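Open the model in your viewer and keep the selection panel at hand. The tour goes stop by stop: select, look, move on.

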Amino acid sequence: MAKQPMLKFVRVERDMPIKRTAEDRKQDFDEIYAEFAREKAAEQASRCSQCGVPYCQNHCPLHNNIPDWLNMTATGRLEEAYAISQSTNTFPEICGRICPQDRLCEGNCVIEQSGHGTVTIGAVEKYITDTAWEKGWVQPIVPAAERTESVGIIGAGPGGLAAADMLRRAGVQVTIYDRYDRAGGLLTYGIPGFKLEKDVVMRRNKLLEDGGVRFVLNCNVGEDLSFEEIRAQHDAVIIATGVYKTRDLQGPGAGAKGIVRAIDYLTASNKASFGDEVAELIDGTLNAEGKNVVVIGGGDTAMDCVRTAIRQGATSVKCLYRRDRANMPGSQREVQNAEEEGAEFVWLAAPKGFAGDSVSSVKVQQMRLGAPDASGRQSPEVIEGADFDEPAELVIKALGFEPEDLPKLWGTDGLEVTRWGTVKANFGSGETSLDGVYAVGDIVRGASLVVWAIRDGRDTAAAILEKFNAKAAVAAE
Ligand SMILES: Cc1cc2nc3c(=O)[nH]c(=O)nc-3n(C[C@H](O)[C@H](O)[C@H](O)COP(=O)(O)OP(=O)(O)OC[C@H]3O[C@@H](n4cnc5c(N)ncnc54)[C@H](O)[C@@H]3O)c2cc1C
Ligand code: SF4
């Protein structure tokens, strides 16, 4: 009887790729995990129990065929593993690196539920596609035939790029407009290199360009080019602009010098990783070096700021969050990484005000968790008389993002938005209230995840192709 290559979870323990020591990783912005060696990837993949109803797959927003590519990896059929993996995911090596797997695929792995420790799905997914790049299996798009229809995409983040990839594969003429000088959206300028190295994103941008996708960069739609001009040039338009308006701090002194937005802080640091000369880093405005830093917020953006400040050589780095550890929105894995690197978390703490024209300290209110609110989460309440001062020469606001007012910015009254300001779009197709205009990613969902933006981009591309095909069929009659 043939040897069973899978179900090894009883004998083989869960293992992650080697993680660099905190001391070592604090010295640079490189990723903190090494790559699996081939044997290790095969060994870890072989732990999969090949469930009949794979919960990992159900809880992956892209419904990746995880059990099959784990099986292929365990049995040394890596090129097939890559073919299966990339058939449902436009950027598997990116998701493998930065998806919050503990909340998605791995958190729902049956082996994890039974106490054996999840299959390391993300790390294997990354390994498969990094190997595919190395072996030359990842090739630019060559459509079987060119089509005459064109699609304009506003925003070169993962949502826009995923749509571009699918449309271009079908031969559609695709142009992406972005206000930044490099494509990738938050993959390029939001998420730091220690989670996602920049060449991983840049090689994807280049691949799309080599496959015929046209990029118009440094083009702020609404200023450099109007939305209506773009609409007039294309058969369909996709809005993929993400959410960038920062939730603000209140309280006396909230406008002081030295209180900065997380997105500006992270963008400056990421630009420096490309070797760009960044004035605000050189003059110290967005530089934590030699400063006591306080980051306000409890999400993944806050974690990224904290860990960036440590790498910039801050004197001390503290993260204030108004609820406790168990109730924070950020991933526990990232908190652990930040703590290992020397960040301090001050739970149940909220800013009340700021001292100094150039900020010198934060007045902090101590909180406790009270009765649950409408969402079921316990509301933080102030403990009177327990305020304290926290010294800080740099305060980073990481309280979340909201959508910009697109109808006003672009003068498009007909574009309907929700009461939160996100663009109203049909679930599944991305169609908006304007004919031929679609929307995907964070601008529809509010601040979300890369994997959901990819899912939206792919679904919307499929819906647009269906429309184009139906029109072509009518024209041919
Ligand atoms: C600091 C940080 C860390 C994160 N970490 C993770 C993580 O670890 N894992 C994860 O899954 N998700 C993470 N996210 C969330 C994730 O990055 C987003 O959900 C995802 O990038 C959304 O994709 P998108 O394509 O909708 O928008 P974006 O990635 O925001 O891209 C939008 C693009 O549109 C462009 N644009 C906007 N307005 C205009 C205009 N008027 N004209 C031209 N171009 C315009 C922008 O320049 C940008 O390039 C993080 C977010 C942040 C801020
Ligand atoms: S895309 Fe994300 S959720 Fe899906 S299998 Fe990969 S890491 Fe897991």
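Where is Asn89 found? Select it: Asn89 sits in the loop between α5 (78–88) and α6 (92–98). Helices and strands here are DSSP runs, numbered from the N terminus: H or I over at least four residues for helices, E over at least two for strands.

A word on conventions before going further. This is a predicted model, in which local features need pLDDT of at least 70 and side-chain atom pairs count only at pLDDT 80 or more, while totals for chains, interfaces and linings use all residues. Residues are numbered from 1 along each chain as its sequence is written, chains are lettered from A and ligands numbered from 1 in the order in which they are written, and side-chain values use heavy atoms, with hydrogens and water left out.

**Stop 1: around Asn89**

Asn89 counts as buried because its relative accessibility is 0%. Buried means under 20% relative accessible area, exposed over 50%, and partly exposed in between (1.4 Å probe, protein chains only). Now show the side chain of Glu125. A polar contact of 3.2 Å joins the side chains of Asn89 and Glu125. Such a contact is a pair of N or O atoms within 3.5 Å; within protein, one must be able to donate a hydrogen and the other to accept it, and residues adjacent in sequence count only if both atoms are side-chain atoms. Leaving aside residues up to four places away in sequence, Asn89 touches Leu62, Asn64, Cys95, Glu125, Ile454 and Arg458. Contact means heavy atoms within 4.5 Å.

**Stop 2: ligand 2**

Select ligand 2. It is surrounded by 13 residues, the closest being Cys60, Asn64, Cys99, Cys105 and Glu125. A residue is near a molecule or strand if one of its heavy atoms lies within 4 Å of it. By class, the shell around ligand 2 has 9 nonpolar, 3 polar and 1 charged residues. Ala, Val, Leu, Ile, Met, Phe, Trp, Tyr, Cys and Pro count as nonpolar, Asp, Glu, Lys and Arg as charged, and the others, Gly among them, as polar.

**Stop 3: the domains**

Colour by domain. The protein chain is divided into domain 1 (8–135), domain 2 (150–243 + 403–476) and domain 3 (247–397). These bounds come from an automatic or database domain assignment. The C-alpha centres of domain 1 and domain 2 lie 28 Å apart. Across that pair, 24 residues of domain 1 are in contact with 22 residues of domain 2.

**Stop 4: ligand 1**

Which domains give residues to the shell around ligand 1? Domain 2 and domain 3 both do, so ligand 1 lies between them. In all, 34 residues surround ligand 1, with Ile98, Asp178, Val221, Tyr244 and Asp442 the closest. Helices α9 (158–169), α15 (300–311) and α19 (450–476) each supply at least two residues of this shell. The shell has 18 nonpolar, 11 polar and 5 charged residues.

Next, show backbone atoms. An oxygen atom of ligand 1 is 3.0 Å from a polar backbone atom of Leu186. For Val450, the distance from a polar backbone atom to an oxygen atom of ligand 1 is 3.0 Å.

**Stop 5: two backbone angles**

Select Gln50, in the loop between α2 (38–45) and α3 (55–58). Its phi is near 50°, a positive value in a residue other than glycine. Then jump to Asn218, in the loop between β3 (214–216) and α12 (227–233). Asn218 is not a glycine, yet has a positive phi of about 55°. Asn218 is exposed, with a relative accessible area of 52%.
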